[in-house]
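The notes follow the order in which I looked things up.

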Amino acid sequence: MRIEVVAGDITTQQVDAIVNAANSSLLGGGGVDGAIHRKGGPEILAACRALRAGHYGKGLRTGQAVATTAGLLPARWVIHTVGPVYSPSLDRSADLRSCYTESLRVADELGAATVAFPLISAGVYRWPAEDAIRQALEALRTADTTVEVARLVLFEADRVPLAERLRRGSVPR
Ligand code: AR6
């Protein structure tokens, strides 16, 4: 799988699937979740409500992923995942990496070849950006998937040079 790092807005990505940093309710929120629902239109929320009425009655667990239509967005699907809230005392990084690998597993099931990811947990959930990038790249690199391109879309353009260096493996811990 090719890994790309770009600056931008996930809602405009021309890929098969975009990933949403959702919360367990699946019913929307702020940040990237708010942007996806706003630009994708009510079809996405309707699909999320249907999930809640069915298999996901208790919501989506942290580190899990599930797909819906992408509504009016250029992508075909939105893959919703729930990142962990950052904790300075508990290591929740396995849950964070699971968001990436579970999203790729769902992408495989859909037959999506190109998938764009936001920097999961790095906003409202307060994960430090550099470590969030490291966890994302580590999870993507080691994933067993048929996805051909994984694109990490950074809303904060000033994070791209560091992310590029980490992607190339030129920054030690
Ligand atoms: N495109 C790409 N990245 C974006 C966009 C966008 N349009 N908008 C924000 N980001 P966050 P979390 C970046 O807070 O930390 C929601 O309320 C943002 O700058 O969206 O996982 C959910 O409903 C940051 O780097 O997600 C949950 O309750 C990254 O996306 C909660 O927030 C993630 O920030 C999830 O928090």
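I began with the lining of the largest pocket, where α1 provides the largest share, four residues. The model is a predicted one.

I then looked up the volume: the largest pocket holds about 570 Å³ of space. Its lining counts 26 residues, and those closest to the centre are Ala 21, Gly 31, Val 32, Leu 119 and Gly 123. Two or more lining residues come from each of β2, α1 and β6 (149-154). By class, I noted 14 nonpolar, eight polar and four charged residues in this lining.

Next I asked which space the ligand takes.

I turned to the shell around the ligand. It comprises 22 residues, of which Asn 23, Gly 30, Val 32, Asp 33 and Val 124 come nearest. Both β2 (17-22) and α1 (31-40) supply at least two residues of this shell. The element that gives the most to the shell is α1, with four residues. I recorded the shell's composition as 10 nonpolar, eight polar and four charged residues.

A polar backbone atom of Gly 123 lies 2.8 Å from an oxygen atom of the ligand. For Ser 121, the distance from a polar backbone atom to a ligand oxygen is 2.9 Å. For Tyr 125, I noted 3.0 Å between a polar backbone atom and an oxygen atom of the ligand. On its own the ligand has 700 Å² of accessible area, and the protein covers 92% of it.

Methods: Residues numbered from 1 in each chain as written. Predicted model: local features only at pLDDT ≥ 70, side-chain atom pairs only at ≥ 80, totals over all residues. Heavy atoms only, no water. Near = heavy atom within 4 Å. Polar contact = N/O pair within 3.5 Å; in protein donor to acceptor, adjacent residues only side chain to side chain. Areas by Shrake-Rupley, 256 points an atom, 1.4 Å probe, with all protein chains shown as cover. 1 Å grid on protein atoms, 1.4 Å probe; cavity = no way out; pocket = protein on both sides within 12 Å on 5 of 7 lines; lining within 4 Å. Sits in = over half its atoms within 2 Å of the grid points. Nonpolar A, V, L, I, M, F, W, Y, C, P; charged D, E, K, R; others polar. Points joined across faces, edges and corners; volume = space filled by probe spheres on them.
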